[in-house]
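User: Hi! Could you walk me through this structure? I'll ask things as they come to me.
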Amino acid sequence: MLIAGFPAGAWGTNCYLVAPAAGEECVIIDPGHQAARGVEEALKKHRLKPVAVVLTHGHIDHVASVVPVCGAHDVPAWIHPADRYMMSDPEKALGRSIGMPLMGELTVGEPDDVRELADGAELALAGMEFSVAHAPGHTKGSVTFRMPETADVPQVFFSGDLLFAGSIGRTDLPGGDMAEMLDSLARVCLPLDDSTVVLSGHGPQTTIGQERATNPYLRQVAADRQGHSARPAPRRGM
């Protein structure tokens with residue numbers, strides 16, 4: 001498997017291109033602010049042909065380049081219906097203005113072909129399987145994508161802004177909810193094998209085992225399941 005990732009734009013949002021191998025079809029995950037150029041460079045470097053864009057949620061730092069990327073390659077974008085409105089109204093999603101200079105750089109709106117994700121869906125794209133889990137908490141329509149373990153690659157988990165290395169996504173923006181976030185962590189993350197590679201929306205790669213041992217939020221939900229309680233440190237990220 002080939003996974004090419006890079007941080008893009010003002011928020012350093014991780015964009016990923018996933019393919020069975022170089023020279024094949026690929027899926028683009030979260031082409032956010034100023035990601036279009038990086039996407040084109042990665043496509044050229046690895047000789048990839050995109051077949052779809054999939055989105056972990058609708059915040060502008062994850063979707064700002066969806067229109068140009070989908071338009072350039074005539075591919076659909078997949079998003080959960082609860083976050084679909086954010087592509088056309090990013091300021092409403094943040095509960096505040098994100099600034100006129102920044103807005104002037106964005107192509108706000110939907111691509112020509114938008115398809116909606118559902119909890120438990122199995123997407124067969126570019127010869128690969130992506131398992132979708134609805135994981136609200138950061139936004140109402142946040143989802144994760146999980147790829148199964150193979151003979152030479154461990155299970156890969158694209159967590160969006162649900163789980164970071166050492167932290168989680170913020171819950172103080174419209175649609176955010178700490179109770180839902182903790183439930184999503186328990187329901188979606190805790191059952192995963194320790195060897196699962198976590199590729200998140202911001203920050204470095206980690207594993208479920210590392211987060212189970214050190215992430216204060218994942219430790220909290222694990223303790224809650226056992227009847228204990230812990231209060232972790234403040235969250236980071238957008």
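Analyst: Happy to. Helices (H or I, at least four residues) and strands (E, at least two) are DSSP runs, numbered from the N terminus. This is a predicted model, where local features need pLDDT of at least 70 and side-chain atom pairs count only at pLDDT 80 or more, while totals for chains, interfaces and linings use all residues. Residues are numbered from 1 along each chain as its sequence is written, and side-chain values use heavy atoms, with hydrogens and water left out.

User: Great. How many helices and strands are in the chain?
Analyst: The chain has 8 helices and 14 strands.

User: And what share of the residues is buried?
Analyst: Of the 238 residues in the chain, 53% are buried. Buried means under 20% relative accessible area, exposed over 50%, and partly exposed in between (1.4 Å probe, protein chains only).

User: What about contacts across the sequence?
Analyst: A contact means heavy atoms within 4.5 Å. Among contacts in the chain with a separation of 6 or more, 62% are between residues 24 or more positions apart.

User: Let's do sheets. What is the strand order in the open sheet?
Analyst: The order is β1-β2-β3-β4-β5-β6, so 6 strands with mixed pairing, where two strands pair if DSSP finds at least two bridges between them. β1 (2-8) and β6 (114-116) are the edge strands, each pairing on one side only. From one strand to the next, the twist averages 25°.

User: How do β2 and β3 run, parallel or antiparallel?
Analyst: Antiparallel: 3 bridges join β2 (residues 13-19) to β3 (residues 25-29). Within that pairing, Tyr 16 has Ile 29 in β3 as its bridge partner.

User: Which helix packs on that sheet?
Analyst: Helix α3 (residues 66-73) does, touching β3, β4 (49-54) and β5 (77-79). The direction of α3 makes about 145° with that of β4. For these angles, axes are lines fitted to C-alpha atoms, for helices over the stretch in contact, and angles run from 0 to 180 degrees between N-to-C directions.

User: Switching to charges. How many salt bridges are there?
Analyst: There are 8. A salt bridge here is a side-chain nitrogen of Lys or Arg within 4 Å of a carboxyl oxygen of Asp or Glu.

User: Where does Arg 84 come in, and what is its partner?
Analyst: Arg 84 forms a salt bridge with Glu 116, with the closest N and O atoms 3.2 Å apart. Arg 84 lies in the loop between β5 and α4 (90-94) and Glu 116 in strand β6, so the pair ties together parts that are 32 residues apart in sequence. Arg 84 is partly exposed at 25% relative accessibility, and Glu 116 is partly exposed at 42%. Salt bridges that share partners join Arg 84, Glu 110 and Glu 116 into one network.

User: What separates Glu 41 and Arg 37 along their helix?
Analyst: About one helical turn, because they are 4 residues apart in α1 (residues 36-46). Glu 41 is partly exposed at 47%, while Arg 37 is exposed at 65%.

User: How many disulfides are there?
Analyst: The count is 0, taking a disulfide as a pair of cysteine sulfur atoms within 2.5 Å.

User: One more spot: is Thr 139 buried or exposed?
Analyst: Buried, with a relative accessible area of 0%. Thr 139 sits in the loop between β8 (128-134) and β9 (143-147). Leaving out residues up to four places away in sequence, Thr 139 touches His 57, His 59, Asp 83, Met 86 and Gly 175.

User: And where is Asn 215?
Analyst: Asn 215 is in the loop between α7 (208-214) and α8 (216-225). Asn 215 counts as buried, at 0% relative accessibility. Beyond its neighbours within four places in sequence, Asn 215 is in contact with Leu 163, Phe 164, Gly 166, Ser 167 and Gln 210.
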